[in-house]
Amino acid sequence: MSEVAVSQNLSTGAHTKAISSDLRSERVRSAWIFLAPTLLILAIVAGWPLFRTIYFSFTNASLTNLGDARFVGFDNYLSWVTLKSGRTIYRGLLADPAWWGAVWNTAKFTLLSVTIETALGLIVALVLNAQFVGRGIVRAAILIPWAIPTIVSAKMWAWMLNDQFGILNDMLLGLGLISQKIAWTADPQTAMIAVLIVDVWKTTPFMALLILAALQMVPADIYEAAKIDGINPIKVFWRLTLPLIRPAIMVAVIFRMLDAMRIFDLIYVLTPNNAQTKTMSVMARENLFDFDKFAYGATASTVLFLIIASVTVLYIWLGRVRLGGSER
């Protein structure tokens, strides 16, 4: 090849790369233009309240006197006083046993609810993915619990779990599974179980819907080839189906985990003033409005935000999750 031809090829390649770079830059610029209104709305609706909450956590603000809030540093988070006797008294959110109890309740609820809902959602999704008569009706019916507002679900289950006239106690007594009526939402031993029952009933369809969408994307040729080769269906699930839908499950889990860690309405309605089920969100709300400790409630809200953000980043990093549904 002559030097002229080589020079022309190099020139053409450079020109093509330049055009590609310009197109890429134009796409990025267009994307930012279209995203700008959304980002502005998010900054106003979410960013400004978050900034104000973090600011109030460093003040002595009260609900009745927000304008005259005075900066107190980290006193709401942690402070201490050493007495003449040598004893040190710690104050602040990070030294509050009630706060750590709420953290433990939130962690326990999140772990149990997300684990159970993921397992049940996977089973339901596998069933709904199979071919059977009336599959469309069943798919629509399974979403009803998820479509019902949480407040409505909580009040409905509060009646069903009532120890005096609840249907659940009548059913269990009739089956001989219990010998006396149980105060499901009032008894410290069963309050968390009651909350988990309601949450699993309501949110399992959400997990099933996301996992079902992933199952629909799995090529049918894979199953046909496995069937021809005579591979056991259980082995097909563990070796083919589960690895293929794992990225979607990981994304479903992170969305459900975020929702579980900030749970408020279900517990606030179903088990009010119960220390065994009080979560971080419930405690933050109580201090913000019920106890008129606005700065303390803002501190709890800020720490809750930091915990959720840290857990999310850690989960994405360790789980190698892309929110688009694929793994890194």
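Biologist: What makes the space of about 30 Å³ a cavity?

Modeller: The largest cavity has a volume of about 30 Å³, a volume being the space filled by probe spheres set on grid points joined across faces, edges and corners. It is called a cavity because, on a 1 Å grid over the protein atoms alone, a 1.4 Å probe fits at its points but cannot get out. This is a predicted model, in which local features need pLDDT of at least 70 and side-chain atom pairs pLDDT 80 or more, while totals for chains, interfaces and linings use all residues. Residues are numbered from 1 along each chain, and side-chain values use heavy atoms, without hydrogens and water.

Biologist: Which residues line the largest cavity?

Modeller: Among them are Ile-267, Tyr-268, Asn-273, Lys-278 and Val-282; a lining residue has an atom within 4 Å of a point.

Biologist: Why is the pair of Phe-58 and Phe-74 called edge-to-face?

Modeller: The centres of Phe-58 and Phe-74 are 5.1 Å apart with 90° between the planes. Rings pair if their centres lie within 6.5 Å, and planes under 30 degrees apart count as stacked, over 60 as edge-to-face and the rest as tilted; the pair of Phe-58 and Phe-74 is therefore edge-to-face.

Biologist: Why is the pair of Trp-159 and Phe-165 called tilted?

Modeller: Their ring centres are 5.4 Å apart and their planes stand at 40°, so the pair is tilted.

Biologist: How do you know whether Phe-74 is buried or exposed?

Modeller: Phe-74 has a relative accessible area of 56%. Buried means under 20%, exposed over 50% and partly exposed in between, with a 1.4 Å probe and protein chains only, so Phe-74 is exposed.

Methods:
1 Å grid on protein atoms, 1.4 Å probe; cavity = no way out; pocket = protein on both sides within 12 Å on 5 of 7 lines; lining within 4 Å. Phe/Tyr/Trp six-rings, centres within 6.5 Å; stacked < 30°, edge-to-face > 60°.
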